[in-house]
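Q: I have a protein model open and would like to go through it step by step. Could you begin with the terms that I will need?

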Amino acid sequence: MSAILISVSVLMQAGCFGYLSGRLTPSGSLLLSCAGFFMSALLFTAVHLVRRGRRRPEVVLPGPVERRRTNRLMWLMNLVTATTFLSFYVSLAWIPATLASGIETAVGPLALVVLALVFRAGERPTPLVWGTAVALAAAGGALAWSLTGGADIGWEALAGLGLVTVAGVGASGLALVSKKLGGLGTHPVTVTAHRFHLTYLGAGVLFLLQGGSPHDSGVPLVLIPLLGIVAITIPLFILQIGLQRAHPMAAMTILTTLPGMTYLSETLWGGSVDIASLALTGLLVVLAAVSATPRQSGERATSRPSERSLASVGNKDNS
């Protein structure tokens with residue numbers, strides 16, 4: 001089920017990225033980020049408060065140790081989320097969405113195994129995991145390169161590539177933190193209600209410092225709230241549910257299909273078709289399908305009953 005949720009999120013984001021590619025200005029990227037993440041925080045804070053008000057009296061609340069761990073992870077989630085998504089959305093003003101998502105997702109699995117090794121987060125990466133990460137990075141990098149069309153890369157494109165590399169590392173960190181929050185029984189609504197505050201504030205500050213105008217966004221101003229909901233609010237909540245349930249590497253593996261899906265979306269919105277890019281897109285989808293399935297089935301097989309019961313208790317405690 002977690003794989004389906006992540007896949008739905010990928011398809012929703014890809015459809016929107018394909019439309020936005022080549023249309024958004026720097027001001028538009030920041031305005032979209034501010035609007036989308038603010039609406040996410042506003043909507044899910046309201047849902048969180050309603051859920052908390054309906055909590056049954058007999059539910060036992062988490063202890064102080066669990067609350068402190070959850071609070072620390074929430075602060076970390078805020079910081080990494082702001083870094084990841086602002087880097088990605090700002091990059092869309094300088095490089096095509098397919099190239100941006102290609103680099104971000106190519107970096108993701110490899111960054112995940114490095115972070116897991118350095119910070120000892122999760123199990124130690126096996127040679128198979130390393131090989132999978134390298135293969136996905138190579139395929140994703142090749143797709144990203146094919147999408148440049150052989151054009152010269154100026155300083156703006158280099159800045160965009162640097163930003164999406166940061167976003168790729170941040171996305172792998174989000175997968176690890178989400179999994180830890182899921183293990184503590186924190187409900188996805190609670191996480192979504194708290195994780196975006198630094199993101200929309202950062203986007204708003206950057207928008208003001210840049211001195212941009214809402215009318216220079218590159219897309220009709222009336223579409224910004226709608227795009228914020230469809231491209232950010234809904235798919236990222238669905239993704240959050242999937243990230244808290246899936247193995248981090250399985251999640252990052254599925255996310256490597258985002259650039260290919262974005263490329264297909266761009267072609268539907270009037271972009272050109274390239275045979276090499278289509279072939280690499282198919283290769284990424286096959287690699288993701290083959291790599292993610294064993295990991296998920298292995299996780300279900302090795303999950304201990306005590307961990308499942310603890311997670312279920314945590315979900316009740318935070319409902």
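A: Helices (H or I, at least four residues) and strands (E, at least two) are DSSP runs, numbered from the N terminus. One example is helix α10, residues 248-255, which holds Thr-253. Please note that the model is predicted: local features need pLDDT of at least 70, side-chain atom pairs count only at pLDDT 80 or more, and totals for chains, interfaces and linings use all residues. Residues are numbered from 1 along each chain as its sequence is written, and side-chain values use heavy atoms, with hydrogens and water left out.

Q: How many helices and strands are there in the protein?
A: The protein has 13 helices and zero strands. Read from the N terminus on, its elements run α-α-α-α-α-α-α-α-α-α-α-α-α.

Q: Back to Thr-253: is it buried or exposed?
A: Thr-253 counts as buried because its relative accessibility is 1%. Buried means under 20% relative accessible area, exposed means over 50%, and partly exposed lies in between (1.4 Å probe, protein chains only).

Q: What lies 2.6 Å from a polar atom of the Thr-253 side chain?
A: That is the backbone oxygen of Met-249. A polar contact is a pair of N or O atoms within 3.5 Å; within protein, one must be able to donate a hydrogen and the other to accept it, and residues adjacent in sequence count only if both atoms are side-chain atoms.

Q: What percentage of the residues in the protein is buried?
A: Buried residues make up 50% of the 319 residues.

Q: Changing topic, which residues gather in the patch of positive charge?
A: Arg-67, Arg-68, Arg-69, Arg-72 and Lys-180 gather in that patch on the surface. Patches are made of residues with over 30% relative accessible area and no salt bridge, where like charges are joined within 9 Å and nonpolar side chains (Val, Leu, Ile, Met, Phe, Trp, Tyr) within 5 Å. A salt bridge is a side-chain nitrogen of Lys or Arg within 4 Å of a carboxyl oxygen of Asp or Glu. Lys and Arg count as positive and Asp and Glu as negative, while His and the chain ends are not counted. The place of a charge is taken as NZ of Lys, CZ of Arg, CG of Asp or CD of Glu.

Q: Which helix gives the most to the positive patch?
A: Helix α3 (residues 64-91) gives the most, with four residues. Arg-67 has its place in helix α3, and Arg-67 counts as partly exposed because its relative accessibility is 43%.

Q: And what makes the nonpolar surface patch?
A: Val-114, Leu-117, Val-118 and Phe-119 make a nonpolar patch of about 380 Å². Accessible areas come from the Shrake-Rupley method with a 1.4 Å probe; for residues, only the protein chains shown count as cover. Val-114 is in helix α4 (residues 97-118) and, at 37% relative accessibility, is partly exposed.

Q: Now for pairs: how many residues apart in sequence are Phe-38 and Leu-201?
A: They are 163 residues apart in sequence and 8.3 Å apart in space, C-alpha to C-alpha. Phe-38 lies in helix α2 (residues 26-53).

Q: What about Ile-238 and Ile-4?
A: Their C-alpha atoms are separated by 9.7 Å, and the two residues are 234 residues apart along the chain. Ile-238 is found in helix α9 and is buried, with a relative accessible area of 16%.
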